[in-house]
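Please open the structure in the viewer and keep the selection panel at hand.

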Amino acid sequence: MSSVSSPASVWSLFQDKPFRGMWSSSFGYFTSNAMVAMAAAWMMVEFNASSFVIALVQTAVFLPMFVLALPAGVLADTTDRRRLLLITLFVQALGVSVLSVILMANAAGTAAVLFFTLVFGCCTAVMSPAWNSMVGEMRPREEVRIVILW
């Protein structure tokens, strides 16, 4: 038997304002990432790209997670996580801004969309371990375990 009392419910964790902010930010960020991936694939369809090039969008989104998972984990453990998050979010915001300007100027092609999608995938891959470990540091392990088991 554990002497640590667990929260009454999963929702009691969200009474903690920083924890609630981190989870809601996480929901917004990863939902936006999914929307960007879908929009990039749609742009490839609009460019009349081949099915192979359209499939490369998903590769550009998920290959960085496969390749950078271990180095990103080490980076998250050896650097200031907050700074790492800020840098990756800044790079991603800058990339979104540049891609938006290029798209509005009708100067973007399949290569530009694939390149920026790869950059966004790399940013997500680098920041995910830091993001996930920060959530674990905000609340005691016993409380967070309730959320995972729920």
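Is Asn48 buried or exposed? In this predicted model, Asn48 has a relative accessible area of 70% and is therefore exposed, the cut-off being over 50%. Asn48 lies in the loop between H1 and H2. Its phi is positive, about 55°, although the residue is not a glycine. As a general rule, most residues other than glycine have a negative phi.

Select next Asn106, in the loop between helix H3 (81–104) and H4. Here too a residue other than glycine has a positive phi, near 55°. Asn106 counts as exposed, at 72% relative accessibility.

Return to helix H1, residues 17–46. Its 30 residues should span 44 Å at 1.5 Å a residue, and the end C-alpha atoms are 42 Å apart, which agrees. Display the side chains of the buried residues of H1, among them Phe19, Tyr29, Asn33 and Met44.

Proceed to helix H4, residues 110–138. From its first C-alpha to its last, H4 reaches 41 Å, close to the expected 42 Å for its 29 residues.

Finally, show H4 together with helix H2, residues 51–78. The two axes come within 7 Å and cross at roughly 30°. Angles under 35 degrees count as roughly parallel, so H2 is roughly parallel to H4. The crossing of H2 and H4 is right-handed. Colour the residues of this contact by type: 19 are nonpolar, six are polar and none is charged.

Technical notes:
Residues numbered from 1 in each chain as written. Predicted model: local features only at pLDDT ≥ 70, side-chain atom pairs only at ≥ 80, totals over all residues. Heavy atoms only, no water. Helix = DSSP H or I, 4+ residues; strand = E, 2+ residues; numbered from the N terminus. Expected span 1.5 Å × (residues − 1). Axes fitted to C-alpha atoms, helices over the stretch in contact; angles between N-to-C directions. Parallel < 35°, antiparallel > 145°, perpendicular 65-115°, else oblique. Left-handed = near helix turned anticlockwise from the far one by under 90°. Nonpolar A, V, L, I, M, F, W, Y, C, P; charged D, E, K, R; others polar. Buried < 20%, exposed > 50% of the residue type's maximum accessible area, 1.4 Å probe, protein only.
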